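Hi there,

Here is the structure I promised to pass on to you. Have a look at it, and then read on for my notes.

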Amino acid sequence: MPTISMFLGIIIRMYNNGEHNPPHFHASYQGYNAIFNMDLSIK
């Protein structure tokens with residue numbers, strides 16, 4: 001999974017080849033992991 005940003009010990013990674021739907025990114029920090037969904041709809 002390619003790294004797109006690293007700051008203050010936080011690593012942000014995201015696939016960009018259509019393998020995962022819906023679009024989301026992964027954040028890691030000191031052994032903790034989170035997945036954030038990217039809802040692109042307008043409300």
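Below are some notes on confidence and on two residues.

This is a predicted model, where local features need pLDDT of at least 70 and side-chain atom pairs count only at pLDDT 80 or more, while totals for chains, interfaces and linings use all residues. Residues are numbered from 1 along each chain as its sequence is written, and side-chain values use heavy atoms, with hydrogens and water left out.

First, confidence. The chain has a mean pLDDT (the predictor's confidence in each residue, from 0 to 100) of 80, and 72% of its residues reach 70 or more. Strands here are DSSP runs of E with at least two residues, numbered from the N terminus. Confidence is highest in strand 2 (residues 10-13), at a mean of 93, and lowest in strand 4 (residues 32-37), at 89.

Next, S28, which sits in strand 3. With a relative accessible area of 18%, S28 is buried (under 20%; exposed is over 50%, and partly exposed lies in between, using a 1.4 Å probe and protein chains only). Leaving aside residues up to four places away in sequence, S28 touches G9, I10, I11, R13 and N33; contact means heavy atoms within 4.5 Å. The side chains of S28 and N33 are also joined by a polar contact of 3.0 Å. A polar contact is a pair of N or O atoms within 3.5 Å; within protein, one must be able to donate a hydrogen and the other to accept it, and residues adjacent in sequence count only if both atoms are side-chain atoms.

Finally, Q30 lies in the loop between strand 3 (24-29) and strand 4. Q30 is exposed, at 62% relative accessible area, and its side chain makes a polar contact of 3.4 Å with that of Y29.

Best wishes

Conventions. Helix = DSSP H or I, 4+ residues; strand = E, 2+ residues; numbered from the N terminus.
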